Amino acid sequence: MIQKTFKLRNLLLHLFFWAFLIALPILLGPNTNSNNPEEIRRSYFWIFYMTSFTVINIPFFYLNTEVLLPKLLRAKGVIIYLLTLIAAIVFMLYVHEELFHWVYAHFFPGNHSGGGARRGALMRMIFQLLFYAAIGTSYRLISDRMKEDEQVKEQENERLKSELSFLRSQISPHFMFNVLNSVVSLSRRKPEMVEPVVVKLSELMRYMIYETNDSIVPISKELTYLESYIDLQKIRFGNDIDIQFKHQIGPQSSSIEPMLLIPFVENAFKHGVGFIENPTIEIELTDTTKELSFHVANKKGAVINEKKDESSGIGLANVKRRLELLYPTNHALTVTESDSDFEITLTIQHI
């Protein structure tokens, strides 16, 4: 897509450049105010000659930009390039000399030398050939630099897309690992609750399979997913934990990367229950036309020297990196931790 846009932009630039130069003598117009027929004829001569002159310079321009610069300057060096360019200029001077004689003989049949007009034309030839060589060299160098920058940018975008895809692929296994651990624990303590938990789990899996293929989803769908997850945890813990979930979404729901918020909630349930007196988890989601605000707070227990599983911490590290990739300049993540409480506040400015 970037290459097509670059080629189209270059094509339009070239068409405009040559159309302007070819039309310039015509736009300046002949000297029709003079009463001297010879002077008027001379004006038309210069219009015809300069227009033809510009058309013949087009192959010279592209010889320099498409052959000499990319194949000689970079491969053979500056000296070989300059010698070849000088040879091309000398050949073009010969071509222009022949063109001048032909056009002059057509407009002034009795005079084949051209005199002062020939000397003036020669100076124009040299100046314009040097001008086209300089313009062509500058254009090619700038064009190559822009193309390289575009390629680097495209490669960087592809790398970031691959990294983001990998991060998203990590979320589902990590989530399933945590939920299945919860189901195993519940089957030991409250086996009668396993069935409703599995039903809720199937709802979560449906969202994970069918909705997360999209790059963005409405906030309303992410909210439904969060509610299902919290309901699952309520079934699991019952009245053992105080779970408060407040949410406010406007009539026109904005969009978000799927499963971007769930790791914060997972982390709260993972570390906010256990050896904690009166465990409480507070979750608040607010979406307005300007920004999304998400707040999660949970109590912490005393630090216990226990062996962490290898997946511990994957969720938060994952979501932090996804935020950096998706919302590099329009998000703010604040983590507040004390001996007894842990809070995160995420805001995403809608652009």
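What separates Glu-324 and Arg-321 in helix H8 (residues 314-326)? Being three residues apart in that helix, Glu-324 and Arg-321 are separated by about one helical turn. Helices here are DSSP runs (H or I, at least four residues), and strands (E) are runs of at least two, numbered from the N terminus.

The model is predicted, so local features need pLDDT of at least 70 and side-chain atom pairs count only at pLDDT 80 or more, while totals for chains, interfaces and linings use all residues. Residues are numbered from 1 along each chain as its sequence is written, and side-chain values use heavy atoms, with hydrogens and water left out.

Six salt bridges were found in a search of the whole structure, a salt bridge being a side-chain nitrogen of Lys or Arg within 4 Å of a carboxyl oxygen of Asp or Glu. One of them joins Glu-324 to Arg-321, with the closest N and O atoms 3.0 Å apart. Glu-324 is partly exposed at 43% relative accessibility, and Arg-321 is partly exposed at 26%; buried means under 20% relative accessible area, exposed over 50%, and partly exposed in between (1.4 Å probe, protein chains only).

A network of salt bridges links Glu-66, Arg-140 and Asp-144. Glu-66 lies in helix H2 (residues 37-73) and Arg-140 in helix H4 (residues 116-189), so the pair ties together parts that are 74 residues apart in sequence. Glu-66 is partly exposed, at 37%, whereas Arg-140 is buried, at 15%. Arg-140 also forms a salt bridge with Asp-144, at 3.2 Å between the closest N and O atoms. Asp-144 is buried too, and lies four residues from Arg-140 in helix H4, about one helical turn away.
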